[in-house]
Amino acid sequence: MNALIYSIVQLIHTVINLYIWIVIIAALLSFVRPDPRNPIVQILYRLTEPVYDVLRRKMPFLIVGGIDLSPIVIILGLQFIDTFMMRAFLG
């Protein structure tokens with residue numbers, strides 16, 4: 001049972017880290033205004049925009065002077081969840 005829990009926690013850890021990188025890449029792409037018809041850009045926006053929209057509705061103060069800080073909040077939240085989960089389950 002311990003090996004199963006370890007495997008599940010490691011899988012969730014990997015998915016969280018992958019999503020953090022997706023958020024970072026999407027945030028960096030927003031500075032250069034890529035072609036919105038590019039399939040990679042569409043995939044990145046489809047993966048991140050739903051989470052951004054929820055945060056923007058719940059916390060409208062995250063947009064400061066035209067700069068959207070929701071990627072930072074998402075990254076910090078995911079890192080908190082990841083660290084808490086790793087410490088709680090793996091000690």
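Begin by selecting I16, Y19, I20, V23, Y52, I74 and L78, which, of the 15 residues in the largest nonpolar core, touch the most other members; such a core is a set of buried Ala, Val, Leu, Ile, Met, Phe, Trp, Tyr and Cys residues joined through side-chain atoms within 4.5 Å, and buried means under 20% relative accessible area, taken with a 1.4 Å probe on protein chains only. Colour the helices next, and you will find that helix 1, helix 2 and helix 3 each supply at least two residues of this core, with helix 1 giving the most, 7 residues. Helices here are DSSP runs of H or I with at least four residues, numbered from the N terminus.

Before going further, note that this is a predicted model, in which local features need pLDDT of at least 70 and side-chain atom pairs count only at pLDDT 80 or more, while totals for chains, interfaces and linings use all residues. Residues are numbered from 1 along each chain as its sequence is written, and side-chain values use heavy atoms, with hydrogens and water left out.

Now show helix 1 (residues 2-32) together with helix 3 (residues 70-90), whose axes lie 10 Å apart at an angle of about 165°; the axes are lines fitted to C-alpha atoms over the stretch in contact, and angles run from 0 to 180 degrees between N-to-C directions. Helix 1 and helix 3 are therefore roughly antiparallel, a term for angles over 145 degrees. The residues of their contact divide into 19 nonpolar, 4 polar and 1 charged, where Ala, Val, Leu, Ile, Met, Phe, Trp, Tyr, Cys and Pro count as nonpolar, Asp, Glu, Lys and Arg as charged, and the others, Gly among them, as polar.

Zoom in on Y19, which, leaving aside neighbours within four places in sequence, is in contact (heavy atoms within 4.5 Å) with L47, T48, V51, I74 and L78.

Finally, move to the loop between helix 1 and helix 2 and select R33, which has a positive phi of about 50° although it is not a glycine. Most residues other than glycine have a negative phi. R33 counts as exposed at 71% relative accessibility, the cut-off being over 50%.

Terms used:
Parallel < 35°, antiparallel > 145°, perpendicular 65-115°, else oblique.
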